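Welcome, and please open your viewer. We will go through a few selections together, one stop at a time.

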Amino acid sequence: MKPQNLKRYRDLLTLFHKYGHGDLVKKAPIIDDPLPHAPPPLVPLEAKALADDVEKLGPTYIKLAQLLSTRADMVPQAYMDALTRLQDKVEPFSFEQVQAIVSVEIGARLSKAFIEFDPVPIAAASLGQVHRAVLRSGQSVVVKVQRPEARETVSEDLEAMAELATFMDAHTEFGKRYGLTMIVEELRKSLLRELDYRLEAANLRLMRQHLGAFQRILIPAPIEDYSSGRVLTMEHVTGQKITKFSPLVRLDIDGDALAEELFQAYLHQVLVVGVFHADPHPGNVFLTDDHQVALLDLGMVGHIGPETQDLLLKLLLAISEGKSDQAAQIAEKMGERGEEYDELVFKRRIADLVGQQRNADLTSIQIGRLLMEIQRIAGDCNLRVSPEFTMLGKTLLNLDLVGRTLSPNFDPNESIRRNAAKIMHQKALQSFSSGNLFGLMLEAKEFLEKLPARLNQFTDLVANNKLRMKLDTFNENLIVSTLEKIANRITLGLILAALIVGAALLMRVETTFRLMGYPGLAIIFFLLAVAGGMALAWRIIRSDHAEK
């Protein structure tokens, strides 16, 4: 523990003490996400107070809360909803600081680089703020500028969190079960990525490349010459947030087609590309003036490997078709079993969940909510799922809300079944890419180069009668010897038991031959049994000690 972090320790411990004794540590029922024009679900006052307290602590704590809002195995649903709606809003920093940062980062004064630069930001958050501007070419852009002290504040907050997480993992059952150190490390990676605007610019380029075939999806292009690690300049998208337009606007758009293409785009990102926009909450999805769906704020992306992609595709297909047993088996493969993992309970609960999903009506089908509930069941049964699964569940949860805003009757299950063949075709084409084919050609070349020498070596061994085969088998002699020892001990034990039983019966036979006042033959049998038992015990102890 470091003295300079005492204030941060106090803030964290205050939160634990204040909210660690109420509903936050209990399970809560699932609450469906509302449609944009429906009354929101009731959130406990304690959950709202937690969200308010976290907002006051700054960007690192807000990001931690947003990360915890994806952990259905740790946080009750009501608290997840409250933490998801956290708004990272603070007072903007001065325009003089903006001028200084932008000038240093792009290597030119604002007056030289831009025709116009609005001194009043259109949005301000704890990590940065956004300004409208116009380039010398006349192009309208937005410029995201990082706060001067953002990196130092985040670094110090993460240091304090890591120290407390290490302490709790070592000394509390809660820490040992959920791995708080791993959560803080995941938070650290996420925040460091968000603090490097060059990564966000690279994400924008990557998504524009892979989603170019989707005509109704718009990704703003970064302006390379006006971007750096702390400044990001990109195209200005005109429109409104997906949840802000009125029902009358829906009459002018093809909501079904927009929802279908948006869902297809995310299936393509997750199951084909392996990189997906991990933060599609309604505030980051715009409906443009020409009725396209724009995806903004690509600072947070998820990465999925080929093996996980295949498992996810199988899981989504099993869920959409109502195959509960298959879904449970696939979900089990995607997790890491704990020492107290309960396989039967896990599979039964997953089967019940998928069965309920199959019988649900269109307005209540939510793939994201279902994945989050699978994660909750896995946590209850001591099965730890991968971070990719967690991030995907949260992504699809937000996507469900956006899709229902565009089309209230959108059926994600039907969309998955409809696009499964197309996704498989794209994955097959991807496996035959130039890079994969080149790798196969190199392996084939190496195989063909070494094949003649290996064949000559094999034929020489056969011709000279030197071919040998090595087999790892059991030592039969050792097995037979061990069985003989066991049989001998059992036989001797039976003989001793017979002597004892015979001596007991002879005790009732009257005879003139007596020893120590008892029938002599019975006493002899007892003495033989005692001697044999002692000899057997000594031999067992000595042989076991020798083997050790």
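Which residues are buried in helix 10? Before you select them, keep in mind that this is a predicted model.

**Stop one: helix 10.** Select residues 197-210, the 14 residues of helix 10. From first C-alpha to last, helix 10 reaches 20 Å, close to the 20 Å expected at 1.5 Å a residue. Now color Tyr197, Glu200, Ala201, Asn203, Leu204 and Met207: these are the buried residues of helix 10. They cover an arc of only 155 degrees around the axis, so they sit on the same side of helix 10. Turn to the other side of helix 10, and you will find Arg198 and Gln209 exposed.

**Stop two: helices 7 and 9.** Next, select residues 150-171 for helix 7 and residues 180-195 for helix 9. Their axes come within 8 Å and cross at roughly 170 degrees. Angles over 145 degrees count as roughly antiparallel, and helix 7 and helix 9 are therefore roughly antiparallel to each other. To see the contact, show side chains on helix 7, including Val154, Leu158, Met161 and Ala165. On helix 9, the partners include Val184, Leu187, Leu191 and Leu195. The residues of this contact divide into 12 nonpolar, two polar and three charged; Arg151 and Asp169 of helix 7 and Arg188 of helix 9 are among those making it.

**Last stop: the whole chain.** Zoom out to the protein chain, with its 21 helices and 15 strands. Of its 548 residues, 43% count as buried. Among contacts between residues at least 6 apart in sequence, 69% join residues at least 24 apart.

Note on methods:
Residues are numbered from 1 along each chain as its sequence is written. This is a predicted model: local features need pLDDT of at least 70, side-chain atom pairs count only at pLDDT 80 or more; totals for chains, interfaces and linings use all residues. Side-chain values use heavy atoms; hydrogens and water are left out. Axes are lines fitted to C-alpha atoms, for helices over the stretch in contact, and angles run from 0 to 180 degrees between N-to-C directions. Helices (H or I, at least four residues) and strands (E, at least two) are DSSP runs, numbered from the N terminus. Angles under 35 degrees count as roughly parallel, over 145 as roughly antiparallel, 65 to 115 as roughly perpendicular and the rest as oblique. Contact means heavy atoms within 4.5 Å. Ala, Val, Leu, Ile, Met, Phe, Trp, Tyr, Cys and Pro count as nonpolar, Asp, Glu, Lys and Arg as charged, and the others, Gly among them, as polar. The expected span of a helix is 1.5 Å times one less than its number of residues. Buried means under 20% relative accessible area, exposed over 50%, partly exposed in between (1.4 Å probe, protein chains only). The arc is that of the directions from the helix axis to the C-beta atoms.
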